[in-house]
Amino acid sequence: MRREWIHGWLLILPAFVFLLAFTHIPAVQTLIDSFWSTPRGRRPTQFVGFENYKRMMADPIFAKAMVNSAIYAAITIPASVGLSLAMALFVHRPFRGVGLMRMAYFTPTVLPLIAVANIWLFFYAPGFGLIDQVRGLFGLPSVNLIGQPETALYALSAVTVWKEAGFFMIFYLAALQTIPQPLREAAAIEGCRPWTFFRRVTWPLIMPTTLFVSVNAVVNAFRMVDHVFVMTRGGPDNASQLLLYYIYEVGFRFWDTAYASALTIVLVVILSIVGIGQFFAADRRVHYR
Amino acid sequence: MTLRQHFLATAALVALATPAFAIDLEFYFPVAVGGKPAETVQALTDAYMAANPDVKISAIYTGSYADTTTKAITAAQGGNPPQLLISLSTDMYTFIDGDLIAPFDDFITAEDRANWIGGFYPSFLMNSQTEGKTWGIPFQRSTPVLYWNKAAFAAAGLDPEKAPTTWAEMVEMGKKLTLKDANGNVTQYGVHIPSSGFPSWLWTGIVAGNGGILANDNGTEVYFNTPEAIGALEAMVALSKTDGVMAPGILEWGGTPKTFFEGQAAMIWTTTGNLTNVRANAPFDFGVGFLPGLKQPGAPTGGGNFYLMKGNNEAELKAAVDFVKWATAPAQAGDWTKATGYVAPRADIWESDSMKAYVADFPQAAVARDQLQFAVAELSTFEGPKVTQILNSALEAAITGQKTPKEALDSAQADADAILKAYR
């Protein structure tokens, strides 16, 4: 019995060491740092308690970043999940060129987000960009989508949805292919309409995939900010400021590491609550086989 | 001889045969423009090592300017700083505040101080000296200039050889250069001043042209809401709002040369770092001129300086200074300017024969140099990135019409004062 214990520990040891060194210890260290002030060359760090958190409550850019992140998540999560399901249902049936179609849907996923952002920068470019050229055909005036505060955040959201939907589609496609053919035939004999079949058979059976995909979508909504670096840098006037980008700015451009630690703790707490909540809430409606 | 002894003897021989390097230097450098600066830096260090076999320099490419500063600070925190780096001249106060850099004065003679440091253009030294010491040596420095499309000027009935010299002229010519199609949509704007990411840089030039400056020499005070500054922002906002000669909203830096090549804008403001790019890609004749000012010509400087990092022994830093001196000498610095488009930072470089030949062939290259007499320091203060970000957000708010120029700059001044209070 004891030997098995030791074996078990030895087996997980390599993974455990890396997880500890690169995830858990930094997380705890970040929590500790968030209660101390930022050391400067001429002024050492000192314990300040909840000072960094108090400052956060009074920080208008933090408030803006929180609101923006919420809007960004509220747009990108349902849109990318819904779009990916629609695309998966579309390319699930056999038709000429289905392979090409699937590949086309999947292509955005294999491109690095930085490259994608650079491509979209030229789609959005006022005057000669793709979107403006199309608008020009209809006699519409030029529009600077990422250069005005009203639309910058939505322009970024569109890029994220475009990038993510293809990736989620692959999971849905795999899930759809596991739905047994006899169910389809039985439903056809009963005279079941396609929509009823989807609602009563397909949707419940792909629920585990939906849970997986939506957890990923939520995490990505807070994690994918690479395109912000390339496209707007949080501007104009913080109109597209997202929480993670703000953490980067505070931590590695302003070198205010203590405040950045406090912001990071907020992000970790949000992600933990959302992630755990999703598992519990969805658990009752997900049927694993 | 046993195998083991044989191995040891061979190892000893190899060790003796390899020339013993007295000094190893690490040198971090960023690449911020197109072209081949990375190869040029490598060639530069190779040439130096060939002439000085007792010094070994590892030139390490460290990404953008911001990445380079980040990596240098991280390396210093880890106890292993490089001896030498190139980073933004405006990061000087960040490095001083972190007690990370050593002044060059400690490693040079009085004669060097007069002849070597004294030989740099004063406008480049503004972002390199404070507290009576020289903390940075100008190397990859730039300044923005006006590029104009001669074909578009001729088509609008303007003299294609004559650029606007004042702001009023620029607006007036811009109106003639702004073309609309049958639907009333603009097909060509008169002027394009990019504002994404760091609008404060070009705006510093407009303020200088209006007779204002943005910060004191100690990096402890900023002057964001002076009448000169507010007037400069009002003029910039008016370009798209009332004059109708510039596209509205935040305009991308990266797309600016393309906007010019595509004929979407007849005049652009951008860095001399784009000179080689425009020369290679513009499908029409173009001219390069000073930035037109509201009252007088004015421009900011920009780009990177050499810095010496603390936490290294004196012999190493001395060797690093020696390399910097060599790299800024006319022969080396001239090659650097020709390869990159950066403005050579000393008068004696421009007087060398090879630079004279270069300017004769490509007179636009000298415009940036001649503009230096009107140039002012780029905004640089303690907590520089944060203060600059406050200003950038304020400028963006005004450009996009969220706030009036005065409101935006008043609140930026208040926020910056709150941060800088600790340093006064």
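**A loop residue and its sheet**

Author: Thr178(B) sits in the loop between helix 8 (167-177) and strand 9 (179-180) of chain B; helices (H or I, at least four residues) and strands (E, at least two) are DSSP runs numbered from the N terminus. This is a predicted model, where local features need pLDDT of at least 70, side-chain atom pairs count only at pLDDT 80 or more, and totals for chains, interfaces and linings use all residues. Residues are numbered from 1 along each chain as its sequence is written, while chains are lettered from A and ligands numbered from 1 in the order in which they are written.

Reader: Is Thr178(B) buried or exposed?

Author: A residue is buried if 20 or more other C-beta atoms, placed from the backbone, lie within 10 Å of its own, exposed if 12 or fewer, and partly exposed in between. Thr178(B) has 20 such neighbours, so it counts as buried.

Reader: Which residues does Thr178(B) touch?

Author: Contact means C-beta atoms, placed from the backbone, within 7 Å. Leaving out residues up to four places away in sequence, Thr178(B) touches Val186(B), Gln188(B), Tyr189(B), Gly190(B), Gly244(B) and Val245(B). The C-alpha atoms of Thr178(B) and Gly190(B) are 4.8 Å apart.

Reader: In what order do the five strands of the open sheet run?

Author: Strands of a sheet pair through backbone hydrogen bonds, either parallel or antiparallel. Here pairing requires at least two DSSP bridges between two strands. In chain B the order is 9-10-11-8-12, with mixed pairing. Strand 9 and strand 12 (286-289) of chain B are the edges, each pairing on one side only.

Technical notes. Contact = placed C-beta atoms within 7 Å.
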